[in-house]
Amino acid sequence: MTVEELQQLDVFKDLSYSEAAQIHAISKAARVNEGESLFEMGNPAHTFFVILSGDYMIFFKDGTAFTLHQRGEITGWSTVVRPYQYTGTAVALTEGKVLAFDGSELLRLVQGDAALGDKIMAKVYANVGERIAFAQSRTIENESFKTNDISMEE
Amino acid sequence: MYGFEAISHHNGWAISVVGILIVFTGLVTLSLLIRVFPKIIARIEDNGKPNAQSSSPQKTIPQSKKQEPSIDSSIKEAVRQYQYLISWMGEPFSLPRLIELAEKRGLVRPHATVSQMIHASVIQPDGKGYFLWHAK
């Protein structure tokens with residue numbers, strides 16, 4: 001993938017060529033097989049993914065799920081959002097291709113360059129706003145379950 | 001009295017004709033039944049609501065027209081298998097649970113099949129993280 005192609009992806013659309021080049025330098029295109037996991041719930045969030053092709057399902061502990069089908073959609077955003085832990089599991093429904101970013105390198109770029117960080121984070125939040133709310137509602141439900149369990153144990 | 005004379009005398013020709021008619025009528029009836037049998041089974045399997053459909057035949061036609069173009073012929077059999085699993089799970093259903101069940105049942109390529117069914121709108125999200133069979 002070239003820098004120009006990277007700039008065509010929605011999440012990086014607002015980046016200048018030099019900013020996109022920095023992002024391009026830390027990106028790795030990877031093939032994903034049908035049924036393969038991109039990441040698993042509860043694990044430290046090390047990798048951020050941008051979908052290039054294929055269909056993916058993100059699911060949570062309680063059995064809820066959503067699917068991703070569009071080029072440029074992102075997943076693994078926990079890499080740049082505290083507590084840097086995946087809240088769900090991502091599985092490829094079909095074989096496809098993703099652009100993978102090392103979380104620590106992406107964070108270094110985002111935190112080191114305020115303008116670049118703002119542009120990327122704005123896109124991340126715009127893209128995943130609904131999913132964050134969805135994940136938070138799941139977390140709240142899970143925490144209330146845990147609280148109930150603890151109070152029952154007490 | 002022997003031969004044709006004996007046959008005629010004891011109404012043999014008439015009995016033969018009646019016998020032939022009975023056998024042919026039976027065979028035709030049987031073949032017609034066999035012909036409509038798959039349709040009857042399909043109706044019974046379709047959402048498990050044969051009565052609702054038979055009572056409103058006009059509604060059935062547009063529904064099938066909606067589905068037919070979107071369902072690839074290669075996944076038609078899979079659709080039937082997954083419909084059975086979903087009717088067992090109840091709706092709305094969990095997509096990862098459906099895939100897990102399909103894997104346990106040994107269905108071929110459950111991830112890709114589910115993906116195909118989502119693209120064909122056979123499976124649709126309910127907006128709350130669960131999924132529904134067809135548009136309701």
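I began with the contact between the chains: 14 residues of chain A are in contact with 13 residues of chain B. I note that the model is a predicted one.

Next I asked which elements of chain A give two or more residues to the side that touches chain B. I found β4 (56-59) and β5 (65-68) of chain A. The largest share of that side comes from β5(A), with three residues. I then sorted the residues of this side of chain A by type. They divide into seven nonpolar, five polar and two charged.

I turned to helix α5 of chain B, residues 76-89. At 1.5 Å a residue, its 14 residues should span 20 Å, and I find the end C-alpha atoms 20 Å apart, which agrees.

Which residues of α5(B) are buried? I list Ala78(B), Tyr82(B) and Ile86(B). Looking down the axis of α5(B), I see these buried residues fall within an arc of 70°, so they line one face of the helix. The general rule is that an α-helix has 3.6 residues a turn, so residues three or four places apart point the same way.

I looked for what covers the buried residues of α5(B). The cover includes α6 (95-104), α7 (110-119) and β2 (131-133), which belong to chain B.

Then I went to the other side of α5(B). There I find Lys76(B), Glu77(B), Arg80(B) and Trp88(B) exposed.

Last, I checked the residue that comes just after α5(B). Gly90(B) takes a positive phi of about 90° there.

Note on methods: Residues are numbered from 1 along each chain as its sequence is written. Chains are lettered from A and ligands numbered from 1 in the order in which they are written. This is a predicted model: local features need pLDDT of at least 70, side-chain atom pairs count only at pLDDT 80 or more; totals for chains, interfaces and linings use all residues. Helices (H or I, at least four residues) and strands (E, at least two) are DSSP runs, numbered from the N terminus. The expected span of a helix is 1.5 Å times one less than its number of residues. A residue is buried if 20 or more other C-beta atoms lie within 10 Å of its own, exposed if 12 or fewer, and partly exposed in between; C-beta atoms are placed from the backbone. The arc is that of the directions from the helix axis to the C-beta atoms. Two residues are in contact if their C-beta atoms, placed from the backbone, lie within 7 Å. Ala, Val, Leu, Ile, Met, Phe, Trp, Tyr, Cys and Pro count as nonpolar, Asp, Glu, Lys and Arg as charged, and the others, Gly among them, as polar.
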